[in-house]
Amino acid sequence: MNGTMRGAELLVRALKQAGVSRIFSLSGNHIMPVYDALFGSGIEIIHTRHEAAAVHMADAWARLTGECGVVLVTGGQGHTNAVAALPTAQAGEVPVLLLSGHAPLGELGLGAFQELEQARMAEPLCKASLTASSPDTIARDVARAMHIARSGRPGPVHLSLPTDVLEAPSAAPDLPDAAAFAPRSMPLSAEAAASIAALIAGAERPVMVVPPAMCTPAGRRATAALSAAAALPVVPMESPRGLGDPSLGAYAQALAEADLVVLLGKALDFTLRFGRAPAIAADARFVVVDPDEALLARAASALGDRIAVAALAGPAEAVAALTEAVAPHPGRTWVERLAGHLAFRPAEWAAMANAPGGPIHPATLCQALRPFLDAPDAVLVSDGGEIGQWAQAILQAPARLINGVAGAIGPSIPFALAARSARPTGRILAVLGDGTFGFHMAEFDTAVRHGLPFVAVVGNDARWNAEHQIQLRTYGAARAHGCELAPGTRYDLAVSALGGHGEFVTQAADIAPAVERAFASGKPACVNVLIAGQAAPSVRMG
């Protein structure tokens, strides 16, 4: 090893050792040593227009590839911009490594350029927040950060990079091996798996629920195997609407009848209405498997003697162990009832595929998009307030990316860029609202520069409709105000001006041809569809 290697070069060496092939970044003063070290490294930089967008891209990359997504931003305001996007990755249980430039250690406390307490700022939004202190240990810092991000319940980790650490030479670097980057295994014991399997077999109306971490392509394959072994649906939960997630159909009604609720890494929180009646029967028993001792304790406090089994284990490990231990559930009536509730959608939605002229209903828009997701490598990106819920209710794809439990809108355009980067030949379709579009529209420039085509379909109802609907429900139409956007805004022309392809649609019959032309263009594209503002769907049988 050359004794004159700088901290920045050792950082890049660690990223290469971890198998990182690309990072999502916005350049800045503090990280120029890293850019220099990346030159000729084989690691691609996707250079974005906003630091939060870079975090969202790393988030989507991690979800689709199973790798740890890596973000590189500068210090000061670059760091603060990036931190704003961390709650989406944290609530989504996504392994992301945020590398932030930082004022020199030797100047801290003296009023250094863009000096901030960056680690403390990021700490509440991460599994861990660290600051590199020496070029000798910077590679080990990267390995530790990735290990933490991927272990147990996955999530983001932050590492600040002081410029003097990046520029200093190291005579005795601590270079970790590949194993140092790997996640910690948290297996479910054979005894616990057998106990849970016995409880499922003995219950009349059991349900199994998995967390956002299992909503990745690999996670969905694993839960499908468990579902097949148990002859019982396994329900993934990743929506801020929890049991009201319209992609779960009328599942909430069936859950209220369950006598056993098996949480395989799914936190007991607001999405499950804290396990309280009437959402879940007061006499229903629980199995709680979680990688976090604090969340196990929280569940124990909330549920008391309703917990039949509590176990410390990772969600993927728990699903795998239970797949081996479980037998097909004998209660066919319950299984069919549960599956029927999950699949249920109101019949009138399908009828809207052939809606007459007039304002386009969100259901009509989504029905027109269904054929574009039939490809085996298609990815659906869904984001926004009410329009995002319509898309999640009606559209299905082999892979799906949504804004997640954090409930913050805005990541869809960055998500779509990362999806194209991860799936070079896939069909990438994003459905978003006009409010959402405004967060990161400049990333169409990023998509054009890096040759990352996708199609964004914007449901344009000229308002922040989720908030408008709250006003209507809570305060009445006479007091609804402050949520309007300009009517008919030509988002398609903005995308065309940035080098992409634009389509403007005002009639339902023109949706499919416009989307077809958008995909055929081979460019990042926006199909701007004027729709009627509608409340998000609420699915209920009977």
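Which elements each supply at least two residues of the lining of the largest cavity? They are helix 3 (51–65), helix 10 (217–230) and strand 13 (399–402). Helices (H or I, at least four residues) and strands (E, at least two) are DSSP runs, numbered from the N terminus. The model is predicted: local features need pLDDT of at least 70, side-chain atom pairs count only at pLDDT 80 or more, and totals for chains, interfaces and linings use all residues. Residues are numbered from 1 along each chain as its sequence is written, and side-chain values use heavy atoms, with hydrogens and water left out.

**View 1. The largest cavity and its lining.** Rolling a probe the size of a water molecule over the atoms shows where empty space is left. On a 1 Å grid over the protein atoms alone, a cavity is a set of points where a 1.4 Å probe fits but cannot get out, and lining residues have an atom within 4 Å of a point. Searching the whole structure turns up one cavity of 30 Å³ or more. The largest cavity has a volume of about 50 Å³, where a volume is the space filled by probe spheres set on the points, and grid points are joined across faces, edges and corners. Look for Arg63, Leu64, Cys215, Thr216, Pro217, Arg220, Pro398, Ala399, Arg400 and Leu401 around this cavity. Strand 13 brings the largest share of the lining, three residues.

**View 2. The lining of the largest cavity by residue type.** Six residues here are nonpolar, one is polar and three are charged. Ala, Val, Leu, Ile, Met, Phe, Trp, Tyr, Cys and Pro count as nonpolar, Asp, Glu, Lys and Arg as charged, and the others, Gly among them, as polar.

**View 3. The largest pocket, with about 800 Å³ of space.** Of its 32 lining residues, Arg220, Ser247, Arg345, Leu395 and Gln396 are the closest to the centre. Two or more lining residues come from each of helix 10, strand 8 (234–236), helix 14 (332–343), helix 15 (347–351) and helix 17 (386–394). A pocket is an open set of points with protein on both sides within 12 Å along at least five of seven lines. Helix 10 gives the most to this lining, with four residues. The lining holds 19 nonpolar, six polar and seven charged residues.

**View 4. The second largest pocket, with a volume of about 580 Å³.** Among the 32 residues that line this pocket, Gly66, Pro95, Pro154, Ala213 and Thr216 are the closest to its centre. Helix 3, helix 10 and helix 13 (315–325) give two or more residues to the lining. Helix 10 gives the most, with five residues.
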